[in-house]
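Here is a set of questions and answers to work through with the structure in view.

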Amino acid sequence: DGSLNHLDLTNTGQAFVEITKIEPYLSDRQSVKSIAILYSENTRLYDYHDVIEHSGYNRRRSFSEGLLGALELCNHSKYPFDTISEDHILEGDLSQYESLILPNIACLSDVMASKIQAFVHAGGLLFVSHRTGLKDDGGYDLPNFQLAKLLGCDFVRMRNEYEPNVWGGYLNRFEHPAWNTMPDADLSFMGPFVETIPKDGM
């Protein structure tokens with residue numbers, strides 16, 4: 001009905017009182033440089049790969065799911081982290097950080113890949129997920145990961161057969177008659193998955 005909840009306002013007021021006490025410590029400060037999470041505007045604009053079709057509806061798997069997952073992971077870890085843009089890497093600011101996370105950053109330019117390789121060769125830690133580096137910065141598919149040498153593996157194909165699985169269960173069958181009458185089970189993961197092959201010597 002538009003009326004304000006007195007309890008909510010009271011709790012909000014108490015929270016602001018506590019924030020006021022520490023406000024002098026919150027301005028003109030720099031974050032502790034430990035972990036960098038890349039936000040990729042190119043991936044947001046040009047990557048339309050992950051579209052899930054199931055039971056008459058389509059679900060666009062946004063690149064932001066990977067980003068939000070990385071943010072939640074770092075938040076639970078209690079390590080200090082920053083979200084950075086592609087410009088931060090291109091301008092050479094990556095050297096301030098100990099670790100870099102690329103959460104399904106599909107679109108990477110040659111220059112970006114070179115900067116990331118230099119970061120790792122200088123001792124930085126790199127974490128990537130899913131289809132990172134399988135497109136150029138314009139959204140065009142590449143035959144292999146931009147960072148294949150760093151990852152130690154090559155791209156083979158996308159595994160799409162599990163895409164329709166919204167839920168399910170998987171049974172690891174044993175060689176025993178009790179399992180003979182059990183129905184076939186499938187993976188409950190929705191996919192798609194990235195199939196890779198290790199590089200020679202890895």
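Q: Which side chain meets that of Asp82 in a salt bridge?
A: In this predicted model, the pair links distant parts of the chain, with one partner in strand E4 (residues 81–84) and the other in the loop between H1 and strand E1 (35–38), 49 residues apart. The nitrogen and oxygen lie 3.1 Å from each other, and the side chain that meets Asp82 is that of Lys33.

Q: Is Asp82 buried or exposed?
A: A residue counts as buried when its relative accessible area is under 20%. Asp82 has a relative accessible area of 14%, so Asp82 is buried.

Q: How many residues apart are Lys21 and Glu18?
A: The side chains of these two residues meet in a salt bridge, with 3.3 Å from N to O. Lys21 is exposed, with a relative accessible area of 54%, while Glu18 counts as partly exposed at 45%. Both lie in helix H1 (residues 6–22), about one turn of the helix from each other, and their separation is 3 residues.

Q: How far apart are the end C-alpha atoms of helix H5 (residues 110–121)?
A: The expected span of a helix is 1.5 Å times one less than its number of residues. With 12 residues, H5 should therefore span 16 Å, and this agrees with the distance between its end C-alpha atoms, which is 16 Å.

Q: Why are the buried residues of H5 said to be on the same side of the helix?
A: The buried residues of H5 are Met112, Ala113, Ile116 and Phe119. They are placed on the same side of H5 because the arc they cover around the axis is only 120°.

Q: Which exposed residues does the face of H5 turned away from its buried side carry?
A: On the buried side, the residues of H5 pack against E1, helix H4 (86–90), strand E5 (99–103), strand E6 (125–129) and helix H6 (148–151). The face turned away from that side carries the exposed residues Asp110 and His121.

Q: What is the geometry of the aromatic pair that Phe145 and Phe155 form?
A: Phe145 lies in the loop between E6 and H6 and Phe155 in strand E7, so the pair ties together parts that are 10 residues apart in sequence. Planes over 60 degrees apart count as edge-to-face. The ring centres are 5.8 Å from each other and the angle between the planes is 80°, and the pair is edge-to-face.

Terms used
Residues are numbered from 1 along each chain as its sequence is written. This is a predicted model: local features need pLDDT of at least 70, side-chain atom pairs count only at pLDDT 80 or more; totals for chains, interfaces and linings use all residues. Side-chain values use heavy atoms; hydrogens and water are left out. A salt bridge is a side-chain nitrogen of Lys or Arg within 4 Å of a carboxyl oxygen of Asp or Glu. Helices (H or I, at least four residues) and strands (E, at least two) are DSSP runs, numbered from the N terminus. Buried means under 20% relative accessible area, exposed over 50%, partly exposed in between (1.4 Å probe, protein chains only). The arc is that of the directions from the helix axis to the C-beta atoms. Contact means heavy atoms within 4.5 Å. Rings of Phe, Tyr and Trp (its six-membered ring) pair if their centres lie within 6.5 Å; planes under 30 degrees apart count as stacked, over 60 as edge-to-face and the rest as tilted.
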